[in-house]
Amino acid sequence: MSDEPSKPEAPTGTGERMELPSWNRGRTKKRGGAEPQEDAFQVGVKQVGRGAARRAPLVAIGVVLAVAAVVVVVVMYSRGQKSAATATRLLAEAASYESRAEVGDKELLAGKSKHPPSPVVKDEAERAAVVDKALAELAAQAPGSAVELDGLLLSAARLMRDGKPVEAEAQYRRFLDAAGAGHPLRWAAREGLAFAREAQDDLDGALAEFKTLAGEKGVFYRDMGLWHQGRVLERQGKKDDALAIYRQYIVEYPLADPSIAQSEVRKRLEELDPSAVASAQLESPVQIIDAPAPPAAPAPPAAPASAPAPGGAP
């Protein structure tokens with residue numbers, strides 16, 4: 001037997017320190033000193049990670065560009081809304097002064113009110129200056145816009161008011177050339193153009209425009225187009241043609257329907273052909289119902305029988 005004392009065996013009880021297993025799927029330690037190996041899963045993950053790292057700058061740039069595009073759209077939309085609001089305000093101001101401004105003493109008409117119901121100008125020159133300034137700013141701030149297009153009508157009306165039909169005609173034609181067929185104010189431009197031609201003594205040109213304004217049956221403003229045709233024909237000395245237009249008018253528009261054109265047509269027919277007015281009234285679909293007769297007055301009470309004479313028979 002050896003004299004060396006034997007080494008105590010490692011305890012196997014509860015407090016024994018045990019080697020923990022490695023859960024690394026790629027570098028699992030194996031006995032025998034083998035080199036760690038990577039499986040297909042980890043290789044795939046690493047490739048995806050490297051690809052994401054390479055694409056990260058491109059993704060960041062794309063996000064920045066997308067955000068920048070959104071910001072540009074928002075800013076442009078906001079500016080467009082602001083620009084449209086400014087243009088509309090300028091047009092409203094010009095229209096207000098052109099149509100509703102009162103000429104006179106500002107202190108007398110406006111009083112102490114800071115916002116009178118109607119603008120007040122001292123004379124027509126001030127009215128024209130305010131309107132022209134607003135329209136000039138409108139053309140400078142919103143060129144080619146729908147609001148600027150509507151401003152052409154106001155500008156043309158201003159020129160007609162100042163006795164400049166040639167310049168007004170140019171503005172009306174600009175509007176008609178730029179406005180689409182469905183623009184709701186084409187009728188106003190067409191009528192204004194006809195007035196401008198008539199103011200230049202071009203009655204044939206004015207008549208052609210009024211015929212275009214009248215259009216076909218049932219169109220808006222046809223009644224005024226017919227009335228203006230008859231009026232211009234009378235100016236040309238063509239009373240028979242004018243009378244034919246007036247008769248056509250009362251066929252399409254009964255005289256019982258009150259309007260400006262109806263009132264004027266009625267006056268002309270009463271002078272040129274009173275029988276047409278009488279027959280139109282007889283054929284009118286509007287009937288006047290007679291008012292009920294007032295109740296008859298009650299009959300007076302019967303007179304009492306006369307009393308017998310004194311001393312006479314009962």
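User: How much space lies in the largest pocket?

Analyst: This is a predicted model. In it, the space in the largest pocket comes to about 240 Å³.

User: Which helices each supply at least two residues of the lining of that largest pocket?

Analyst: The lining includes His 183, Pro 184, Arg 186, Trp 187 and Arg 190. Thr 212, Leu 213, Ala 214, Gly 215, Glu 216, Val 219 and Phe 220 also line the largest pocket. At least two lining residues each come from α6 (186-199) and α7 (203-214).

User: How do the residues of that lining divide into nonpolar, polar and charged?

Analyst: Among the lining residues are Trp 187, Thr 212 and Glu 216. For the lining of the largest pocket, the division is 6 nonpolar, 3 polar and 3 charged.

User: α6 also packs on helix α5; what is the orientation of α5 and α6 to each other?

Analyst: The axes of α5 (residues 165-178) and α6 cross at roughly 155° and come within 9 Å. Angles over 145 degrees count as roughly antiparallel. Therefore α5 and α6 are roughly antiparallel to each other.

User: Which residues of α5 meet α6, and what classes make up the contact?

Analyst: On the α6 side are Arg 186, Ala 188, Ala 189, Arg 190, Gly 192, Leu 193, Ala 196, Arg 197 and Ala 199.

User: How are α3 and α4 oriented, and what is the hand of their crossing?

Analyst: Helix α3 (residues 124-141) packs on helix α4 (residues 146-161) at an angle of about 155°, and their axes are 10 Å apart. That angle makes α3 roughly antiparallel to α4. The crossing of α3 and α4 is left-handed.

User: Why are α9 and α10 called oblique?

Analyst: Helix α9 (residues 239-252) and helix α10 (residues 260-272) have axes that come within 10 Å and cross at roughly 130°. Angles over 145 degrees count as roughly antiparallel and 65 to 115 as roughly perpendicular. The two helices, α9 and α10, are therefore oblique to each other.

User: How many residues of each class are in the contact of α9 with α10?

Analyst: In α9, Lys 239, Leu 243, Tyr 246, Tyr 249 and Ile 250 take part. They meet residues of α10 including Val 265, Arg 268 and Leu 272. The contact of α9 with α10 has 8 nonpolar, 1 polar and 2 charged residues.

Technical notes
Residues numbered from 1 in each chain as written. Predicted model: local features only at pLDDT ≥ 70, side-chain atom pairs only at ≥ 80, totals over all residues. Heavy atoms only, no water. Axes fitted to C-alpha atoms, helices over the stretch in contact; angles between N-to-C directions. Helix = DSSP H or I, 4+ residues; strand = E, 2+ residues; numbered from the N terminus. Parallel < 35°, antiparallel > 145°, perpendicular 65-115°, else oblique. Left-handed = near helix turned anticlockwise from the far one by under 90°. 1 Å grid on protein atoms, 1.4 Å probe; cavity = no way out; pocket = protein on both sides within 12 Å on 5 of 7 lines; lining within 4 Å. Points joined across faces, edges and corners; volume = space filled by probe spheres on them. Nonpolar A, V, L, I, M, F, W, Y, C, P; charged D, E, K, R; others polar. Contact = heavy atoms within 4.5 Å.
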